[in-house]
Amino acid sequence: AEYMGSQAGQIGLIGYTSYCASKFGLRGFCESLQMEVRPYGIRIVLSHPPDTDTPQHRGELADRCKEAAAMADTSGVLDPADVANCIVADCERGVFTNWFGVNGWLLATVSAGLTPPPDSVITALGQILTMGLLRIVAIVTLGGFDRVVLSVHSEEEIDEKQEDISKSQE
């Protein structure tokens with residue numbers, strides 16, 4: 001069984017509080033469900049695609065806050081056919097966590113925690129051996145996100161002060 005999560009289910013994003021919460025919740029649901037159905041030979045696949053060129057994505061762009069837009073620019077937008085092909089391949093292999101690209105691999109590895117163990121020894125060793133280094137990368141990335149948020153807020157405060165000055169001069 002395949003469930004559609006999101007990279008937003010692996011990391012909190014400004015402007016997406018409710019969406020992130022629902023996708024984090026889906027992850028917990030899938031982890032629990034995997035434990036329940038695995039004895040019956042049923043495999044759960046939880047996909048974590050990034051922004052994908054769909055009508056939903058195009059519709060949300062108009063409402064996306066400046067901070068989230070700046071952060072999203074770092075990972076690009078995927079073609080839906082590429083996302084679908086990757087999901088189908090991972091469903092056929094029975095991979096629990098389905099990820100896309102380098103950012104997806106980074107998020108999947110850093111957030112692996114207590115997810116069901118990978119079927120591949122190589123994947124498991126990769127997670128074990130890179131976790132410390134990837135945590136450093138994650139901290140730097142989150143620091144960059146914080147700087148984006150603070151920068152946008154500083155710009156907005158300057159704009160508001162300039163508007164106040166203009167209004168007071170009228």
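Tyr-19 has a relative accessibility of 31% and therefore counts as partly exposed, a class that lies between buried, under 20% relative accessible area, and exposed, over 50% (1.4 Å probe, protein chains only). This is a predicted model, in which local features need pLDDT of at least 70 and side-chain atom pairs count only at pLDDT 80 or more, while totals for chains, interfaces and linings use all residues. Residues are numbered from 1 along each chain as its sequence is written, and side-chain values use heavy atoms, with hydrogens and water left out.

A search of the whole structure finds two aromatic pairs, where rings of Phe, Tyr and Trp (its six-membered ring) pair if their centres lie within 6.5 Å, and planes under 30 degrees apart count as stacked, over 60 as edge-to-face and the rest as tilted. The rings of Tyr-3 and Phe-29 have centres 5.6 Å apart and planes at 75°, so this pair is edge-to-face; it joins distant parts of the chain, since Tyr-3 belongs to strand 1 (residues 2-4) and Phe-29 to helix 1 (residues 17-37), 26 residues apart. Helices (H or I, at least four residues) and strands (E, at least two) are DSSP runs, numbered from the N terminus. Phe-29 is partly exposed, with a relative accessible area of 43%. In the other pair, the rings of Tyr-16 and Tyr-19 have centres 6.2 Å apart and planes at 70°, so they too are edge-to-face, and Tyr-16, at 15% relative accessibility, counts as buried.

Leaving aside its neighbours within four places in sequence, Leu-26 is in contact (heavy atoms within 4.5 Å) with Tyr-3, Met-4, Gly-5 and Leu-46.
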